[in-house]
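Reader: I'm new to this one. Could you walk me through it, feature by feature?

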Amino acid sequence: MKLRLNRALNMLFILGWGAAGFAADATLLKPPRGATVAIVMFEDLQSADCSKAYPEVWEAANDHKVPVVLRDFPLPMHNWAFDAAVWARYFDQRSPDMGNDFRKFIYANQIQITRDNLQDWAQKFAGENKTAIPSEKDPDGKLAELVRADYLLGQRIGVEHTPTIWVVSNSGVSQPLVEEVKVREKLGQMIENMLSKAQPVAAAKVSLPAKAAIRKKNIGKTPKKTG
């Protein structure tokens, strides 16, 4: 009963913010501190197109040595996407690499996953990575709040579908330069163009914050193969 109530509240939250509406302002998106350019991807782990975009985004990021910032945007039409995002946040706590590998694992097995067997797949991933999972992944609701915060950010900047991908730069006088990726085949060229416009990062600011804080993967490292 509690699980059904939580799912219902999650769905009401998503639908409620979707109806509220905010003025689009993608300049809220910025590269992580210490990076000049980054890829920002709003994703839904139950989205078939996200499963195709995810490896493409990482390949482009690795090729051009820029970070990826992942944002959760579970769509109301998908009945296990929100819970999958919370599981991803749980594995982020073990390590950012493990969280991103879990996302890759879910995308690779997406067509076999249902709301009822999602935890079994989380358990399978945990076993393959020699870690354990608790009976309750988010007892205090803090991980769900992180997912909701990402969704709210997406609403504020006008996200309507997944994946929604931007290349963002630190250039600009008062705000960063952002460009939405409409054609993923052009992602590499967009990164190159943005890098050419980016402002150099001051030496004093090169230190990146903790990986868990910005939810990105080490530049140049591809998630381990799964499935």
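Predicted model: local features only at pLDDT ≥ 70, side-chain atom pairs only at ≥ 80, totals over all residues.

Reader: How many residues does the largest nonpolar core have, and which of them have the most contacts inside it?

Author: To read a core, look for buried nonpolar residues joined through their side chains. Here the largest one has 46 residues, and I39, W87, F91, F102, I106, V167 and L187 have the most contacts inside it. Helix α3, residues 81-94, gives the most to this core, with eight residues. Apart from it lies another core, of 14 residues, including A38, L75, W166 and V168.

Reader: Let me pick I39. What is I39 in contact with, leaving aside its neighbours within four places in sequence?

Author: Quite a list: V57, A60, A61, V66, P67, V68, V69, I165, W166, L187 and I191.

Reader: Can we zoom out to the whole chain? What pattern does it follow along the sequence?

Author: Going along the sequence, you'd read α-β-α-β-α-α-α-α-β-β-α-α. That comes to eight helices and four strands. The chain has 227 residues, and 47% of them count as buried. Now take the contacts between residues at least 6 apart in sequence: 76% of these join residues at least 24 apart.

Reader: Now helix packing. At what angle do α2 and α4 cross?

Author: With a pair of helices, check the angle, then the handedness, then the residues that meet. The axes of α2 (residues 48-64) and α4 (residues 96-108) cross at roughly 140° and come within 9 Å. That angle makes α2 oblique to α4, because only angles over 145 degrees count as roughly antiparallel. The crossing of α2 past α4 is left-handed. On the α2 side you'll find C50, S51, Y54 and W58, which meet N100, R103, K104 and Y107 of α4. By type, the residues of this contact are four nonpolar, two polar and two charged.

Reader: How far apart are the axes of α2 and α7, and at what angle do these helices pack?

Author: Their axes are 10 Å apart, and α2 packs with α7 (residues 187-197) at about 40°. So α2 is oblique to α7 as well. This time α2 passes in a right-handed crossing. E56, V57, A60 and H64 of α2 meet L187, G188, I191, E192 and L195 of α7. The residues of that contact divide into five nonpolar, two polar and two charged.

Reader: Let me try α4 and α5. Which residues make that contact, and is the crossing left-handed or right-handed?

Author: The axes are 11 Å apart, and the packing angle is about 125°, which makes α4 oblique to α5. Their crossing is right-handed. From α4 come M98, D101, F102, F105 and I106, while α5 brings L118, W121, A122, K124, F125 and E128. Sorted by type, the contact of α4 with α5 has eight nonpolar, no polar and three charged residues.

Reader: What about the loops? Is P31 buried or exposed?

Author: For burial, look at the relative accessible area. P31 counts as buried because its relative accessibility is 14%, and buried means under 20%. You'll find P31 in the loop between α1 (2-20) and β1 (37-43). Leaving aside its neighbours within four places in sequence, P31 is in contact with T36, V37, A38, V168, S169 and N170. P31 and V66 are 35 residues apart along the chain, and their C-alpha atoms are separated by 9.3 Å.

Reader: And the backbone? Which peptide bond is cis, and where is its proline?

Author: First, the general idea: most residues other than glycine have a negative phi, and most peptide bonds are trans. In this model, the bond from T162 to P163 is cis, with omega near -5°. P163 lies in the loop between α6 (142-156) and β3 (164-169).

Reader: What is the phi of K65, and what is that of K130?

Author: K65 has a phi near 55°, a positive value in a residue other than glycine. K65 belongs to the loop between α2 and β2 (68-72) and is exposed, with a relative accessible area of 59%. K130 isn't a glycine either, yet has a positive phi of about 55°. K130 sits in the loop between α5 (118-128) and α6, and at 79% relative accessibility counts as exposed.

Conventions
Residues numbered from 1 in each chain as written. Heavy atoms only, no water. Core = buried A, V, L, I, M, F, W, Y, C linked by side-chain atoms within 4.5 Å. Buried < 20%, exposed > 50% of the residue type's maximum accessible area, 1.4 Å probe, protein only. Helix = DSSP H or I, 4+ residues; strand = E, 2+ residues; numbered from the N terminus. Contact = heavy atoms within 4.5 Å. Axes fitted to C-alpha atoms, helices over the stretch in contact; angles between N-to-C directions. Parallel < 35°, antiparallel > 145°, perpendicular 65-115°, else oblique. Left-handed = near helix turned anticlockwise from the far one by under 90°. Nonpolar A, V, L, I, M, F, W, Y, C, P; charged D, E, K, R; others polar.
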